[in-house]
Amino acid sequence: MLDKTIPFFPVLMLLEEQRKLPDIILPKGYQFQRYEPSYQDAWIKLHVTLGEFENYEEGKLYFEKTFYDLEKVKKFFLLLVDKDKKLVGTSSIWPGHHFGVERYRIHWLGVDPLHQRQGLAKALLIKAMQLYEQTGRKETLYLTSQTNSYVAISMYLKMGFVPYRGDMPQNFNAKKETYQKDNDKAWDLIFRKIEEMNRE
């Protein structure tokens, strides 16, 4: 879930050094599921629950505008379901254009709050990173996130992603005039919240 009690700043992370990925360990009763159109509503509702969309209509418009290529969705979307085939988590790799050319990024990683704290998010992240390796592409994998997602960012850091400190990326939801200052402020806030979280 997003922590909306803290200021919002967008951030970007890079996987500058490729590590050997750990094995995926799923708790009993969970399995990965190939994407099928019948899961579209569940995907949207999940990300509404996680606070990524204000409502179902916003999520539906986004999905239809962004994920219109069904073959690409089937290839790059990852779904995690429970024993009843109910959607409990998602992740994907998807083209991004934050560096002036098309590069792939980790995208839409999230787990239903009722199923969190079981290592499912980590499993989805590892599976997405494996999927990227299988593409054979050599560009640095990246992801976008936000200060409100410091819990997820803590996991990304452990998996080798590092804060992006360069010039403002293209098509980024930030103010160009204050980007560098805001980015430093964002990472200071994120590391402070992670430290507080680890002390609890």
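User: Is F172 buried or exposed?
Analyst: F172 counts as buried because its relative accessibility is 11%; buried means under 20% relative accessible area, exposed over 50%, and partly exposed in between, with a 1.4 Å probe and protein chains only. This is a predicted model: local features need pLDDT of at least 70, side-chain atom pairs count only at pLDDT 80 or more, and totals for chains, interfaces and linings use all residues. Residues are numbered from 1 along each chain as its sequence is written, and side-chain values use heavy atoms, leaving out hydrogens and water.
User: How many aromatic pairs are there in the whole structure?
Analyst: The search finds 23 aromatic pairs. Rings of Phe, Tyr and Trp (its six-membered ring) pair if their centres lie within 6.5 Å; planes under 30 degrees apart count as stacked, over 60 as edge-to-face and the rest as tilted.
User: What about F99 and Y142?
Analyst: Their ring centres are 5.1 Å apart and their planes lie at 90°, so the pair is edge-to-face. Y142 is buried, at 0% relative accessibility, whereas F99 is partly exposed at 24%.
User: Which charged residue sits over the ring of F99?
Analyst: The charged end of R103 does, 4.2 Å from the ring centre. The criterion is NZ of Lys or CZ of Arg within 6 Å of the ring centre and within 35 degrees of the ring normal.
User: Changing topic, what does S145 touch?
Analyst: Leaving aside neighbours within four places in sequence, S145 is in contact with F9, P10, V11, I153 and Y156, where contact means heavy atoms within 4.5 Å. S145 is buried, at 14% relative accessibility.
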